[in-house]
Amino acid sequence: MLEQEHSLEAIQDIKRMMERSSRFISLSGYSGISAGICALVGAWLAHPYVFGYRHQLINTQASLSSGPGLLLNMWLFWIAAGTFVAALLSAFFFTYFKSKKEGIPIWGNAARRLMVNVGLPLLVGAIFLFKLFQFGTFGLIAPGCLLFYGLALINAGKYTLAEIRYLGLCEIILGIASLGMVGYGLYFWAIGFGVLHIAYGLYMWNKYDRTSRN
Amino acid sequence: MENIIDQLNKSFDSRVRLGIMSALMVNSEVNFNELKELLQITDGNLASHLKALEENNFLKVQKGFVGRKSNTTYTITKVGEKAFRSHLSALEKMIRATK
């Protein structure tokens, strides 16, 4: 009986070590919730510009050549950039705290691999979306964000807690659905980056963070 | 019962060694500091366990530098992988036997 318990313990040890060393498991549920809230605030700020209640351009005298100059002259771009940075910082903040509390190093092999595998699809997506913007295909930008982000999350599933794949899958489904309803992109964007993040964050908090405190 | 216990590899008796091997099974290479943080043990303790595993030919050591800091990385060998796998199935048998 003692031998059996010893073996079980050893196997649990092995499992924990394999997981700790290969996956980034400190991703906090709060990170999802805070990123979702940032996205909802961003969508709310963007709303009057997207639907034409306010002028798109910051400097209305500037020329309308479609390049990086135009992008930098748009309110929407700065709202989007601000939302992205705020979401990233708040997500990082909670995850940093969690890894501190659990004594897991935040910057190791696992974190590096996660960053590379999430970053690559996002970078490709950003280049592609900029091209869409240059060609004036604005209606495809919100679906594009959802699709590339979904692919990045599915890729992330191998390097962090696996549930993130389902979030990725939902983003892709939403992205495809919004392809059929161009013009309502902001609503889909708000659901995908706001509501889904919050739902995912609550689920993960309930599953991991809450029990780990007891 | 006696038989199964014999199949358990003596080199993996310690939790530290089992931990090192587990980490090496799922990572192409792991460096000294990562192992130290993972297992939460002292340099000397980790070094002696690594030495023992190296002497058994279970892992390969590569000494290198990152900038000016020395960076020693460890990789599992074919022999080590095989030994770890049979240790795992011995553990499994042990649990089954007492069921």
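**Figure 1. Chain B as a whole.** Of the 99 residues in chain B, 29% come out as buried. Keep in mind that this is a predicted model. Laid along the principal axes, the C-alpha atoms of chain B take up a box of roughly 55 × 25 × 20 Å. As for contacts in chain B with a separation of 6 or more, 55% of them link residues 24 or more positions apart.

**Figure 2. Helices α2 and α3 of chain B.** Here we zoom in on α2 (residues 15-26) and α3 (residues 32-39) of chain B, whose axes come within 11 Å and cross at roughly 125 degrees. That angle makes α2(B) oblique to α3(B), and their crossing is right-handed. On the α2(B) side, look for B:Val16, B:Gly19, B:Ile20 and B:Ala23; they meet B:Leu35, B:Leu38 and B:Leu39 of α3(B). Sorted by class, this α2(B)–α3(B) contact has six nonpolar residues, one polar and no charged.

**Figure 3. Helices α5 and α6 of chain A.** Over in chain A, α5 (residues 109-134) and α6 (residues 141-156) pack with their axes 8 Å apart, at an angle of about 165 degrees. Angles over 145 degrees count as roughly antiparallel, so α5(A) is roughly antiparallel to α6(A). The crossing of α5(A) past α6(A) is right-handed. From α5(A), the contact draws on A:Leu114, A:Asn117, A:Val118, A:Pro121, A:Leu122, A:Gly125, A:Phe128, A:Leu129, A:Leu132 and A:Phe133. Its partners on α6(A) are A:Ile141, A:Gly144, A:Cys145, A:Phe148, A:Leu151, A:Ala152, A:Asn155 and A:Ala156. In the contact of α5(A) with α6(A), 14 residues are nonpolar, four are polar and none is charged.

**Figure 4. Where chain B touches chain A.** The two chains meet through 17 residues from chain B and 17 residues from chain A.

Definitions and conventions:
Residues are numbered from 1 along each chain as its sequence is written. Chains are lettered from A and ligands numbered from 1 in the order in which they are written. This is a predicted model: local features need pLDDT of at least 70, side-chain atom pairs count only at pLDDT 80 or more; totals for chains, interfaces and linings use all residues. Axes are lines fitted to C-alpha atoms, for helices over the stretch in contact, and angles run from 0 to 180 degrees between N-to-C directions. Helices (H or I, at least four residues) and strands (E, at least two) are DSSP runs, numbered from the N terminus. Angles under 35 degrees count as roughly parallel, over 145 as roughly antiparallel, 65 to 115 as roughly perpendicular and the rest as oblique. A crossing is left-handed if the near helix is turned anticlockwise from the far one by less than a right angle, and right-handed if clockwise. Two residues are in contact if their C-beta atoms, placed from the backbone, lie within 7 Å. Ala, Val, Leu, Ile, Met, Phe, Trp, Tyr, Cys and Pro count as nonpolar, Asp, Glu, Lys and Arg as charged, and the others, Gly among them, as polar. A residue is buried if 20 or more other C-beta atoms lie within 10 Å of its own, exposed if 12 or fewer, and partly exposed in between; C-beta atoms are placed from the backbone.
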